[in-house]
Amino acid sequence: MHVWTHHRWRFPLPSRHRFPLDKYELLVERVVGDGLVTEDEVHEAAPVDWVGLAAVHDAGLLSRIREGCLTVREERGLGLPWSRELVDRARRSVGGTLAATEHALDFGVAINLGGGTHHAGHDFARGYCLFNDVAVALAALRRVELGRRALIVDCDVHQGDGTAQIFADDPHTFTLSLHGARNYPFSRVPSDLDVDIASGTGDARYLRALREALDFALDRSRPDFAFYLAGADPWEGDRLGRLKLSKAGLLARDELVLDRLAAAGAPACVVLAGGYAADVADTVDINAATVAAVAARTRVLTA
Ligand SMILES: [Zn+2]
């Protein structure tokens, strides 16, 4: 199975920052080591061009990001120090989602080993997210008249406020977000369906809520393309999450979403989104299980 990565494009971070910069390389080593992908199937994502980003994001925001002129308030909200390297990396992260989206059209499902930057909205970049990769990829699909009816299933523990804002007035894109009720962001933009999950919720109750949400969202959206944000941060050991899912529960979640999307006939692009375990190896475990679930479901779609 082909996958995309941008792990070689690192950026300066203060020591002990929570952003898991090392995760991305470890994940590549892991999925190759596990035999899920060969080294030849790991592709370095190309950077999205600024025109592609402008299809989704406000020109003023893009120029502040490009020139390093974010306001103090914006940079604080972003939670990452601006650098040229940060911007280059973020463009490649979007590029990986673009490539995986295209691949999913042929193989039913594909994954970017990154992306899921759902706190980036039309005119704001916050919560470690510079650009909204999923929105940029959907805009690219629509330029070639695909993905007319889209569903975005966001299972990161944090609500997908940026995605919700971008698609608020788009009747052909259904945004579903399942997240910790008491997690960031604290000022929200409503999705088409937001499911607030109580702190401490474990596998069984979470999966029940997800099943009901998918029933509703699939019925309403009837998608011809889908994105799935497989956040690792609903895990019980996550430092930024408040839910109590086990690793087995997270895998059951991935399988449920992927199987429901496939049954609905919607090709799906999977992205990683967040994961902030104290030991990055735990986040890598969870992400690698997602990759395995995707690999088990690739199939050749006939036109
Ligand atoms: Zn998150």
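In the predicted model, Val 109 has Ala 268 of strand β8 as its bridge partner. This pair belongs to the contact between strand β3 (residues 109-112) and β8, which run parallel and are joined by three bridges. Ala 268 is also the bridge partner in β8 of Ala 226. Strand β7 (residues 225-229) pairs with β8 over four bridges, again in the parallel sense.

The side chains of β8 were examined next. In a regular strand, side chains alternate between the two faces of the sheet. In β8 (residues 268-271), Ala 268 and Val 270 point one way, while Cys 269 and Val 271 point the other way. All four of these residues are buried, that is, each has under 20% relative accessible area.

The protein as a whole contains ten helices and eight strands. Its radius of gyration is 17 Å, close to the 19 Å that the globule rule gives for 303 residues, so the protein is as compact as a globular protein of that length. The C-alpha trace spans about 45 × 40 × 40 Å along its principal axes. Of the 303 residues, 54% are buried. Among contacts between residues at least 6 apart in sequence, 75% join residues at least 24 apart.

The accessible surface comes to about 12,500 Å², and carbon and sulfur atoms account for 50% of this area. The protein carries 34 positive and 42 negative side chains. The centres of these two sets lie 4 Å apart.

Technical notes: Residues are numbered from 1 along each chain as its sequence is written. This is a predicted model: local features need pLDDT of at least 70, side-chain atom pairs count only at pLDDT 80 or more; totals for chains, interfaces and linings use all residues. Side-chain values use heavy atoms; hydrogens and water are left out. Helices (H or I, at least four residues) and strands (E, at least two) are DSSP runs, numbered from the N terminus. The radius of gyration is taken over C-alpha atoms; the globule rule is 2.2 Å times the number of residues to the power 0.38. Buried means under 20% relative accessible area, exposed over 50%, partly exposed in between (1.4 Å probe, protein chains only). Contact means heavy atoms within 4.5 Å. Accessible areas come from the Shrake-Rupley method with a 1.4 Å probe; for residues, only the protein chains shown count as cover. Lys and Arg count as positive and Asp and Glu as negative; His and the chain ends are not counted. The place of a charge is taken as NZ of Lys, CZ of Arg, CG of Asp or CD of Glu. Two strands pair if DSSP finds at least two bridges between them.
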